[in-house]
Structures are given as C-alpha cells and as structure tokens.
Amino acid sequence: MAETKEKSLSDEKPKPRVRPIVRLGIFLISHSFLVSVVCCTAGVLALFLLPVLAKNTYISENALMPGSASPMLSNQHVSDGNRLVKDLTNPNSKSSETGIESHKIIAQYMLDLGAEVSFHKFHPQMNQFHPLHFFSSPVSGKIQENYSCSSYGINTVGIIRAPRGDGKEAIVLVTPYNALKSGFGEALSLGIAYSVFSLLTQVTWLAKDIIWLVADSQYGEYAAVAAWLREYQTPKFSSLSTPNAEMCPDVNNLFELKGHSISGSKFSNSFRRAGTMAAALVLKVRDQNEQFEDTISIYAEASNGQMPNLDLINVVNYLAVHRQGLRVNVEKLWPLLNSSWLKSLGEIFESLAKVAKSLYPKWKFGIPATEYVEGTATLASSLYYQALGVPTGPHGAFRDYQVDAITLEISPKFSLDKVWRNDILLRGGRLIEGVIRSVNNLLEKFHQSFFLYLLTSPSKFVSVGVYMIAFALLIAPLPMVAASLYVDANSSSNCSKGDSSTPSAITDTDEHGIAIRSWRWLNSAKLVFIVHLWGAIVSLLPYFISQIPDCSPTTSFMIWVLLSILSLLTLNSVLASPLACAKATQEKEWALVKSVTISSVFIGLGLMSVINFATAEIGALLMVPMCLLARPLKLDVRAGTLRSFCRLICNLVLGHIAFPPAAFFLLKGMLDGFGNANVGDFWMWVESLWAWNSATYLFIDLTWRAHAVVAHQSCMMFWNLDVLVLSL
Amino acid sequence: MVLLQRPHILLLLIGTHQFLQCWIAFGSVNEEGQKQAEFSEELLLKPLPDHKLLAHFHFQSSGPPSTSNGCHHHLFPKAISQLVQKFRIKEMELSFTKGRWNYESWGGFDPLSSSNAKPPGVELWAVFDVPQHHIDASWKNLTHTLSGLFCASINFLESTATYSTPEWSFPPASGNVRYGTLPCEAVCTENLTPWLKLLPCRDKAGIALLLDRPSLYRGFYHSQQLHLTSTGSSSEGIDSGIILEQTLTVVLQPNSEMAIEVHASEKHIQPSWSLSSIFGKQVSGRCVLAKPSSVYLLLDRGLSAANGLTSENFWSNPSFELSANPDRIFLEESSSHSKSLSILYMFQVEKYCESEPFDIGLMWKVPVAWLCQQTPLHASRFLMGSGNERAAIAISLKSTQFTEGFMSANSKDGSCELRVDVFQVVPWYVKVYFHSLRVFVDQQPRAVSDIIEKIHVSPSKDKMSPGVMEVVLKLPCRVNTAALTIEFDKGFLRIDEYLPDANQGFDIPSAIISFPNFHASMVFLEDDSLNKSPLLSKFQEKCPVMSYTEVLLVPLTTPDFSMPYNVITITCTVFALYFGSVLNVLQRSVAEEERFLKAKAAKKTGRLPLLLSKLSAKLRGRRLEPLHSPPSSSSFINSKLVLKVILVAGLAVGWQYFFS
C-alpha cells in the first residue's frame with residue numbers, strides 16, 4: 001500500500017488507475033491518527049461491552065441429556081458414604097504417621113464394592129523450567145537421583161468396569177485427599193465420591209468405565225494428579241538403577257497386608273488402566289462454610305488459557321441449579337465488585353438499553369447494572385486466569401492430555417452436623433451422578449460446544465467471535481500507523497536528500513535511489529532485532545539464576561537485574577557499530593524504528609491471540625497506547641508546546657506502567673494494598689510462571705522486548721539530549 | 001455343481017437335473033446308513049469366582065456330505081450348506097460379542113475360555129478351498145451373504161482396508177485365511193433371531209427354550225458364535241459333510257437384587273441360583289430332534305480344590321447342594337501339572353417332560369473362594385502419548401500366579417523359553433512405524449533381535465490394506481513383565497474418509513496373544529457315552545491358549561464438518577466476484593467512458609447529479625477531476641451528506657421516542 005502511495009506521489013503524470021480498495025487504504029493511512037484514536041477507543045469500549053453482549057449458555061450436544069433421568073442415588077448409598085467419612089475421621093485411623101492406614105481403609109471400601117483397586121506410588125516432581133519446551137507436549141519429567149523412601153505419595157485408584165461396555169472409554173472422578181492432615185471437607189468429598197461409586201457398581205446403564213482417583217495431596221493436588229496421568233499416558237517401562245518406591249519397606253508392607261486379606265484377584269499392585277478418558281471431574285469440599293446458600297464453585301481454566309468444552313460446564317450448571325438447588329459460582333475478581341466507576345458504567349449501559357428498548361421493543365440487550373458489575377468482575381477474572389496460564393486446580397493436568405476436566409468445589413451452608421452432612425452428601429452425590437450419567441451418554445467426545453470462550457457468569461458466556469472484535473479493533477491501528485510512519489520517513493528523507501545533493505543526481509539515479517531507500521528499513525530492523533535479542537537473553541537468564549543454590553527471591557531478582565544490565569552493555573559494546581551508526585542518523589530514523597517496532601508488535605500480538613487470547617488482549621491494552629504514543633523525548637522537549645508536553649508525560653507514564661515488573665507491582669498494589677509488595681514477589685511470580693510452562697512468560701518476554709525497544713527509542717533521544725546539553 | 005453356480009442357463013433343464021441328482025443322492029444315504037444328519041443340544045453351567053455364572057449353550061448339527069444328500073436336508077440348515085458349497089469354505093467362524101471377557105477372574109486357560117472369549121463386536125475368519133486369486137472374491141461374497149443372513153453390517157469387511165491375511169500366527173494357520181473384525185458393531189436380538197433360526201427346534205423346545213432375551217442381554221458378557229467345518233473338500237474327491245457348531249456364551253449375575261441386601265460379612269458366600277432364577281424359564285423336555293440333549297455343571301480345578309473335592313469324596317459334598325440328582329459324574333483325567341481335578345455333573349434332559357420340567361439349582365452353604373486358571377501371561381494393551389500427532393501402542397504382558405507352578409513343571413533343562421505369538425492388525429489411518437518396535441523384559445530394554453524370534457510385517461497402504469504385524473516372542477520362563485511398544489502417526493484423513501461418528505474416535509481392533517506351547521484341553525475319564533457328546537469331545541481337543549486384548553480408541557483430529565459448506569460458499573463468492581469483474585472489463589470501452597465523464601463534468605449540472613457522478617466515479621475507481629478535487633474535498637461533501645442522513649435519522653428516532 002505504502003509503496004503504491006509513494007509511487008502515486010512520485011510520478012504524478014501518468015495517473016494510473018487506482019483500485020478503490022487501495023484508495024481506501026491510502027485514505028486510512030493518511031488519516032492514521034484519527035483512525036487509531038477511534039479504533040483504540042472502540043476497542044476498549046467493546047471490551048467493556050462484552051458483559052452486555054454475553055449470550056446465555058445452552059447445551060449444544062443433544063446426547064448429553066442432563067437431568068432427563070431421575071437420580072438413583074438413595075439414602076442407602078449416602079449412609080455408605082457416611083460410614084466411610086466416619087471411618088476416615090476416626091482418630092484411630094490417623095495413628096500412623098505416613099497416613100497409609102487411611103489409604104488402606106479407602107482401598108478396602110472400594111474392594112468391598114467389587115471394584116478393581118490398585119495403588120500408585122509416585123515421587124513428587126518439581127516443575128522444572130525448560131527454556132525451549134513451551135507449547136511442547138508434557139514430558140515425562142526426569143526422575144531425580146536422590147529420592148529417599150520417605151518422600152513418596154500414594155494414589156489409590158479404583159476402577160469399575162462397565163458391565164456391558166467395551167472398555168474403550170473412561171470417566172475419571174478425582175478427590176484430592178491428604179492422609180496426614182485431612183480436614184473434614186476432604187473426608188466429606190471422599191464420602192460423596194464413595195456414595196456415587198457404590199451406586200455406579202450396581203447400575204446397568206454404565207457404558208464407560210469409571211475411575212475413581214484418590215489423589216494424595218500431601219505434595220500438592222496438582223502434582224499427584226499429574227503424576228498419575230503421566231503414568232497413565234506415558235509410562236516408563238524401563239526402570240533404571242535409581243531407587244524405586246517399591247524397594248521402600250513401607251510400601252511393600254502395604255501391599256502384603258492387602259494381598260492376603262482379599263479373596264479374588266481384584267487387587268493388584270500393578271498399574272491399572274481403563275480406556276481413553278472422556279472427561280474428568282475433580283471434587284472438593286471446602287472446610288469453611290458459606291453464609292447464604294450451599295454453593296458450588298466451578299474452576300475451569302487450565303494451563304495457557306485452555307478451557308474445557310463449554311458443554312461440561314453447562315451440564316454441571318444445569319444440574320446444580322435446576323435439579324439440586326445449589327448456587328453456582330465462578331471465580332470473580334472481588335475488588336471490582338465494589339468499584340463505583342464500573343457501577344456507573346453499568347448504569348449508563350442500562351439507561352442506553354432502556355432508550356433503545358423504548359425505540360424498538362425488540363432490542364433487548366440491556367442488563368441491570370448490578371449484573372453488569374458482576375459480569376465484568378467474572379469476565380476480568382476469567383481473562384486474568386486465562387492470561388496467567390497457570391491452572392486453577394488439579395483439572396489442569398487433564399487438559400494437557402486433551403481431556404476435558406473441571407474442578408467442583410462445594411461449600412456447604414451450615415456446620416456439618418449429621419443432618420446437614422447427609423443432605424450435602426445426597427445433593428452433591430446426585431450432582432456427580434447426573435454429570436457422570438450425562439457424560440456416559442456421550443457417543444462422541446466433547447466437540448459440539450465452544451472451546452474458546454470467556455465466562456461472565458455460570459450461565460453466560462462470550463464466544464470467540466464476539467471477543468475477537470474488541471481485540472481486532474484494538475490492534476487495527478498498528479499496521480496503519482506503521483505504514484504511515486514508513487511513508488513519512490521515506491518521503492521526508494527523499495526531500496532532504498533532494499536538498500542536499502545536486503538535482504541532476506536525483507534524475508540520474510532515481511531508480512537506484514528508490515531501491516536503496518526501500519531497503520533502508522533493514523537498518524532499523526537490525527536495531528530492533530538486537531534489542532529483541534537482548535530481551536531473549538534477559539528472559540533466559542532466570543533459568544541460570546535458578547540453578548544457584550540458596551538464593552532468596554529478592555537477591556535472585558537483584559542478580560537478574562544486574563545481569564540484564566550487564567548483558568545490555570556487553571551487547572552494546574560488541575554490536576556497537578550498528579547502534580552507533582544508527583545514532584548518527586537517529587534524528588531522522590526514529591520514525592522508521594518506530595514503524596518497525598510497531599509492525600513487530602503487531603505480528604507478535606496477532607500470533608499471541610491465536611495461542612492465548614487473554615494474554616494478547618491484556619498485552620494489547622498495555623502495549624498499543626505505549627507503542628502509538630512513543631516519540632523521542634528530545635523532540636517533545638524541544639517543541640515545548642503544551643501538547644507535546646502532555647505527550648511527553650503520557651509517554652513516560654505509559655512506558656513505566658507497561659514495564660512488566662512495574663505492571664505487576666501496580667496490579668498487586670491495587671489488589672492487596674501497596675504495603676506488602678516486595679521485590680522478591682516478582683521473582684516468585686515469574687518462577688511460578690515458567691514452572692507451569694506458561695505462555696505468559698514468553699509474552700512478558702515479548703512485552704519486555706517491545707518495551708525495551710520503545711524505551712530505547714525514547715531514551716536514546718534523551719541521552720542524545722543530555723549529550724547535546726553537555727556539549728553546549 | 002458347476003451348473004448350479006450358473007443358474008441363468010436353462011433353468012428348466014437344471015431343475016430337472018437337480019431333482020434327479022437329489023433323488024439319487026437320497027437313495028445313496030439310505031444305502032450307506034452311517035452318515036445321518038445329527039443334531040445335539042447341550043448346556044454347560046460353570047460358577048465363576050466373582051459371584052457370577054457362566055452358561056455355555058452348544059448346539060451342533062452335522063450335515064451329511066453333499067454328494068450323498070444333494071440339496072435335501074432333514075436337520076441341517078439349508079442356508080449354511082448352500083453357503084459352504086458356493087464359497088467352498090473349509091472352515092469359518094463368526095462371532096458376535098458384547099462385553100468383555102474378564103481374563104483375570106473368569107480364567108483363560110481352559111478350553112471354554114480360550115475358544116469362547118472373543119473381542120467385542122464382530123469377528124469373522126474363514127479358510128477357503130479355492131485358488132489364491134479367487135479368495136478375495138469369495139471373501140467379499142461371503143461377507144455380503146453373512147451380512148444378510150445375520151442382520152449385521154458384516155459387509156463392511158468387504159473392502160480390502162478392513163480385512164487381513166494372517167500368515168502364520170493366527171491359529172488355523174494356512175495361507176487361505178482371511179480375518180476381519182468390526183469392533184464397534186452393536187450386538188442385539190436382531191442378530192440372535194437369525195442365529196436361532198438355524199436350529200431345528202428354534203427356541204420353541206429343548207434347551208434353547210432357556211434363551212430368554214432380557215435375561216441374556218442383562219448379562220456381563222454375551223458371545224454368540226457360529227463355527228463351520230467342512231470336513232472334506234470336494235477337490236480331493238471325498239466329501240464327508242459339514243459340521244455346524246453354534247455356541248452362545250453368557251456370563252450372568254445370579255439374583256443381583258438379593259446380593260445388595262446381604263451384609264458385608266455374608267458377601268463372600270457365592271449366590272445360590274437355579275435355572276429358573278437365572279433365565280426365568282425351565283426346560284420342559286428335549287428338542288425331539290436332538291440326539292444327546294444334556295445339561296452339565298462344571299466345577300473347575302480351582303473350585304474343586306477349594307471345596308476339598310477329590311476323586312473319593314465328590315459324591316458326598318458338604319459345601320453345596322444340588323436340587324436335582326446328576327445322572328452321571330465325570331472326573332477329569334489327572335494331568336501332570338495339577339493335583340486337583342475338574343468335576344462334571346451331567347443331567348439328561350430326556351427324562352423330563354412338560355409336567356415335570358427340568359430345573360437345576362445350586363445352593364452354597366459355606367463361602368468358597370478360588371481362582372480360575374489363567375493364561376501364562378496376562379496381556380493388556382493401551383495407548384501412550386498425548387496430542388494429535390503421535391502416539392504409541394503398548395502391549396504389556398504380566399506373569400500370572402499360574403505361571404510359576406507351570407514353569408517349574410515345564411522347565412526340566414535350565415534354559416526354558418516361553419513362546420508368545422502376537423497378531424496385531426492396525427487400520428491404515430494409524431500409521432505404524434515398525435522400526436520403532438521396542439521390547440522391555442522385566443523393565444529392562446532389550447535388543448529386538450534377542451527377544452523376537454520371528455516377525456512378519458506387512459505395512460499398511462493408504463485406503464488399500466491395513467497394517468499387519470505378526471511377532472513371535474521368545475521370553476525367558478521367569479519373566480515377570482514384558483512390554484512391546486510401537487509408535488504410530490495419527491493419520492490426517494480427507495473429509496470423505498471419516499466414518500459417520502468421526503468424533504467418537506477410531507478403533508484399533510484387538511490384538512491376539514497366543515501361547516503355542518500351551519494347549520488347553522480337558523480330558524474326562526473314558527466312557528462310552530462320551531463319544532456321543534460333541535461338547536465333551538470338543539473339550540478334549542487340544543486348542544491353543546489365546547487371549548484377546550482390549551479394543552483401543554484413537555481420537556484423531558476431526559475437522560469441523562460444516563467446513564466443506566463454508567469452503568463451497570467462499571469459493572462460490574470468489575468465483576462470482578471474479579466472473580463479475582471479468583465481464584465488467586470485457587464489456588466496457590475505456591476511452592468512450594472517459595470522454596463521457598469529461599463531457600459530464602463540463603456540463604456543470606446541479607449539485608446532486610454532480611455528487612452522484614462523483615460517487616459513481618469513486619466506485620469505479622478513477623478520479624473525476626484530479627486537479628481540482630483532492631480526496632479531502634470529496635470526503636467533505638460526503639460528510640455533509642452523512643450529516644444530513646444523521647439529521648433525518650435523529651428526527652425519526654426522536655419522533656419514535658416521543659410518540660411511542
């Protein structure tokens with residue numbers, strides 16, 4: 001486009017036909033300032049409109065048929081579950097310090113039902129940072145050498161084979177359980193799972209196998225589930241010479257005790273499998289009580305913003321609300337609930353909707369202000385957790401193997417005395433039964449409903465087609481501004497050249513000059529590339545820093561900062577020539593540099609939106625204004641007008657906000673108060689990000705680089721100014 | 001017979017010819033006398049360790065040789081004999097199975113399980129007695145015939161991509177075998193009814209009366225088989241007839257309602273049952289055409305050992321009680337490697353009649369626990385890996401408790417070896433890399449050449465033939481675990497190659513693991529009447545021990561199936577645009593138009609026509625007056641227009657707002 005424009009400017013005479021689309025492009029480029037302002041405002045506005053545009057969820061897959069069968073879970077099963085809860089909370093069972101006793105109890109209960117039982121021993125595995133393993137499939141982590149017998153966990157796994165099924169598929173029910181210090185809630189969740197399990201051994205409608213995994217959560221819920229999944233999906237057949245859990249006396253003891261007391265061959269110490277997993281439910285019961293109602297919270301976000309199929313959430317929501325009378329919650333960003341500006345925004349939207357409705361009664365897009373605020377809070381948390389890329393529960397481990405999974409957390413209303421306990425066992429059990437029955441009905445895997453969505457409430461969602469509009473509006477100005485800057489830079493340099501050299505030279509080497517000029521952006525691209533290289537180095541540094549033993553987060557962070565500055569200086573000295581060369585013509589080149597930066601940011605954001613939308617959206621909110629406003633400080637200072645001064649201030653503020661640590665502290669301060677923010681926190685946060693292989697880390701890296709480029713650009717000017725002042 | 005295959009030539013002539021032939025043949029039977037059509041019905045009941053009961057119906061009809069009997073049949077189903085004659089089938093087995101055989105608790109080493117445990121869905125294999133190049137054509141016709149005969153989609157086995165030719169690992173080893181499975185075929189009464197139609201008494205009399213549909217299909221395992229053996233072949237000149245074995249194996253849970261109510265302490269007592277409580281029916285006499293018509297109760301080795309039954313005291317048994325007195329009791333011939341013996345109680349149905357129907361019940365008095373005899377190695381198969389690109393199939397073999405005792409008996413010399421045959425068929429869209437075959441023995445990676453004695457691989461061809469892998473493993477006897485892994489790529493199919501339920505995933509049929517060193521047979525002590533019971537004589541045959549692994553479900557990447565419509569729409573739009581512009585270019589004459597435009601501009605008409613012409617010029621993509629009207633001015637005029645439009649719209653909105 002730009003070249004066409006250039007051509008049309010340079011050779012005015014022949015007046016070639018210009019297509020309308022090209023003319024439109026030229027028009028947009030020439031009005032890029034206005035367009036970018038309009039687009040950015042529209043993008044932000046569209047983002048705030050998303051709760052209004054959210055649609056009601058509906059069950060897309062007809063085969064699910066939730067709630068069409070009346071629940072079969074009876075008081076008999078509930079009393080079975082109660083028995084298990086009593087046995088587990090019995091102080092006698094907790095006498096053993098390794099908690100093996102309670103695992104034995106659970107296994108015995110499963111065996112009595114006629115299920116196949118096996119124990120799975122695992123060593124907790126620390127998530128390790130692999131610099132180049134982003135987006136790759138979950139690797140079976142390497143076993144560390146120095147395991148002792150004391151540090152292993154035991155998952156108890158019970159499997160019911162579907163009586164007439166062919167065993168190709170399975171449904172997984174997970175209950176995290178810490179045998180060492182289990183709260184009452186964990187025991188209750190086991191009780192619910194057991195009552196469902198005891199029902200499922202008797203029913204005739206089962207078509208998929210049921211796996212009940214009691215995940216040993218003493219090393220974290222996620223670690224236990226992930227270890228079991230790793231063994232399920234990518235087992236290691238060869239055991240090397242490292243000490244294995246089987247050699248530890250305690251575990252052997254466990255098996256021996258079980259082995260002789262049980263008739264039949266239902267128990268085995270080998271790992272047992274069922275078929276391909278169709279869905280997984282993680283069930284938890286919270287210890288503290290809810291004030292108003294029995295509520296159930298749904299956690300769905302898995303790693304890197306992946307979500308389970310919307311149908312799974314729909315089924316749970318439908319059954320909980322319409323069948324069991326539970327209140328359904330999804331995570332909200334609580335501070336947003338009380339914010340007054342959001343409320344007033346909601347009121348504005350509400351009144352607008354009212355006007356629209358009075359104009360034309362079929363326009364019903366308005367929602368009440370309170371609902372709007374809640375929707376926004378939910379949307380914000382949905383965006384935040386998807387952007388962060390850290391799973392919100394043990395269900396995240398399943399998503400790595402393309403299994404749809406969610407975590408359900410039940411918070412009962414009253415203190416759990418006998419009656420209420422039975423009630424919550426019955427209702428929770430019936431909910432789980434209903435969900436399992438629906439999934440059991442499925443012939444195909446989940447594919448009908450959405451995978452890309454944001455929730456604004458348990459029953460409302462924003463689909464990909466809607467939220468992409470906001471994002472597209474936000475990043476649309478980037479290529480236009482880049483193009484216009486490029487054109488400006490080229491034409492201005494053209495003029496300046498024309499002034500300096502002899503007029504005849506232009507006419508002679510016109511073609512040649514154009515050819516050279518059109519390649520001049522490579523110079524600035526080189527500069528941008530170098531800064532990006534620096535960013536890459538900085539983002540890889542933590543891997544090496546984390547190898548240093550005994551380092552507090554604060555010192556690590558300091559080392560990181562020092563090393564990154566050092567690396568910048570080294571890079572600068574080693575590759576000084578391009579920078580110096582650039583410095584010489586910097587005053588004219590800044591537009592080109594900015595244009596290249598903006599295009600690289602545009603490409604980065606576009607790619608990121610495909611991988612993880614939420615990250616890209618948040619990144620775009622931070623980076624787009626920064627990129628558009630960036631301008632050498634020197635020019636602004638020199639201009640001295642009010643407008644340029646405002647721009648200068650904006651530039652500085654935005655530049656600092658978009659700096660990732662700064663953004664982190666600002667966010668943390670807003671959420672928790674500024675008092676307890678610490679430099680080390682950022683290190684911890686980054687560490688957690690790379691431990692989860694979060695793409696956000698990459699993205700922060702990208703932001704960092706872009707920021708660095710912009711900052712470099714601005715600061716170069718600033719330094720130049722200093723140099724100038726000094727020389728004067 | 002040659003004429004029979006070409007019926008379109010001279011129908012009348014053939015008719016008379018056939019009649020003549022039949023008549024002659026019928027006469028010859030009467031002369032020989034010993035080759036009569038026979039039919040037998042037998043039922044074997046066997047308590048299983050996990051509180052279940054196995055019922056095995058065995059119906060056998062043998063047809064006299066076709067040359068001696070022609071096309072006339074007394075007992076033998078005509079459809080089957082025509083089938084055999086037309087396609088020259090030497091041996092054939094068709095099984096419809098629902099549910100899984102539980103090898104761990106129902107055993108895998110006795111003849112009952114090794115011949116009746118089948119993979120879920122339909123399995124068909126056939127041996128033909130025709131020249132090599134005719135086999136595929138015969139197979140195709142056979143699948144279509146069977147499909148019509150049994151109301152099942154066996155005709156899907158017709159395409160070359162679904163069936164395979166096992167070379168040597170499949171037990172009835174011979175070059176003319178064709179083998180195919182349909183793992184996702186649903187089995188129900190519609191398959192049972194045509195199967196029952198082949199019986200001379202249908203399910204109206206005799207033991208088949210027990211085949212009550214609801215109680216059959218309530219079971220945990222249900223396998224209905226049809227085994228054909230044509231004992232002689234016409235090419236050799238001797239034709240000794242056809243034997244048709246129809247077996248139905250069901251595993252049922254006796255009175256499951258009561259089992260719930262009993263307390264945990266009593267759960268170890270086996271449930272008591274009787275024929276009427278299981279099937280809801282009783283046998284009111286034999287099928288008059290059946291020669292031996294008997295019911296057996298089999299207590300296998302483990303059970304009789306747990307009961308303390310020996311050859312001396314089996315008459316007076318305290319641990320259970322039979323409601324009817326057995327007519328005979330057979331003891332298994334003592335074998336070398338096990339002390340305990342199976343006991344078989346036989347009841348003859350002939351003695352019972354309508355007024356006094358036959359019913360047998362078993363009441364347990366004391367809790368008994370035992371284990372069935374298991375295969376030397378327990379095989380399981382699963383998928384490994386994640387993602388949509390690559391995965392691996394793993395077959396893991398684990399030694400069972402049975403192995404130790406047997407090995408010690410078997411290994412006289414120090415280096416004993418256990419031979420395991422693996423036969424695996426993979427569909428073509430599962431692209432197996434055979435070089436990635438890896439073997440682990442006792443958790444140690446081993447060189448493939450050490451363990452694998454013989455391997456035969458025929459790689460799959462896209463849309464043409466499935467991949468077949470036949471491996472003979474030589475494992476050391478003391479092996480605890482062994483594993484075989486092989487990697488594959490998940491194929492990327494074209495849209496028309498997906499099955500109707502593509503999102504369900506694609507099935508990999510069961511692998512067959514057989515142990516050629518071992519033979520499952522049950523030899524009962526010699527008796528005259530034994531010769532007459534086809535079921536018991538079948539038990540005496542040495543059949544190789546084999547087991548089937550699980551069916552695997554591979555989720556492949558599936559497109560959004562509305563995608564083709566999107567593509568069609570977009571393509572059509574692009575085409576329409578393209579042709580439109582081409583026509584536009586072809587029709588217009590440029591110079592003419594420019595002159596026309598210039599003339600118009602010179603005319604200086606009113607503002608609206610000017611605006612219109614400007615708009616049209618803009619739309620056509622050329623500048624009207626490049627010198628005097630830069631784009632900004634035109635946009636200015638446009639904005640004026642826009643302002644007007646907005647004003648009118650605002651007025652309308654206000655009107656609406658105030659008067660509604």
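Okay, strand 3 of chain A, residues 153–160, pairs with strand 5 of chain A in the antiparallel sense, over 5 bridges. Keep in mind that this is a predicted model. If you want one pair to look for, Ile160(A) has Ile210(A) as its bridge partner in strand 5 of chain A.

Strand 5 of chain A has another partner too. Strand 4 of chain A, residues 169–177, pairs with strand 5 in the parallel sense, over 8 bridges. There, Leu173(A) is bridged to Trp212(A) in strand 5 of chain A. And strand 4, helix 6 (residues 184–200) and strand 5, in chain A, make up a right-handed β-α-β unit.

Okay, over to chain B. Strand 22 of chain B, residues 467–476, is mostly covered, with 7 of its 10 residues buried. Strand 17 of chain B, residues 417–426, pairs with strand 22 of chain B in the antiparallel sense over 10 bridges. One pair there is Arg419(B) with Lys474(B) in strand 22. Strand 21 of chain B, residues 452–458, also runs antiparallel to strand 22 of chain B, and 6 bridges join them. Look for Ser458(B), which stands opposite Val468(B) in strand 22.

Next, a sheet of 3 strands in chain B: an open one, in the order 9-14-11, with antiparallel pairing. Which strands stand at the edges? Strand 9 (273–274) and strand 11 (320–322) of chain B do; each has a single partner strand, so one side of each is left without a neighbour in the sheet. Strand 9 of chain B meets strand 14, residues 361–364, through 2 bridges, and Ser274(B) has Gly361(B) as its bridge partner in strand 14 of chain B.

Last stop, Ile508(B). You'll find Ile508(B) in strand 24 of chain B, residues 506–508. Why does Ile508(B) count as buried? Because Ile508(B) has 25 C-beta neighbours inside 10 Å, and the cut-off for buried is 20 or more. Leaving aside neighbours within four places in sequence, Ile508(B) is in contact with Val426(B), Pro427(B), Val430(B), Val551(B), Leu552(B) and Val554(B). As for Thr549(B), Ile508(B) is 41 residues from Thr549(B) in sequence and 11 Å from it in space, C-alpha to C-alpha.

Notes: Residues numbered from 1 in each chain as written. Chains lettered and ligands numbered in written order. Predicted model: local features only at pLDDT ≥ 70, side-chain atom pairs only at ≥ 80, totals over all residues. Helix = DSSP H or I, 4+ residues; strand = E, 2+ residues; numbered from the N terminus. Buried ≥ 20, exposed ≤ 12 C-beta atoms within 10 Å, placed from the backbone. Contact = placed C-beta atoms within 7 Å. Pairing = 2+ DSSP bridges. Right-handed = clockwise from strand over helix to strand, strands pointing away.
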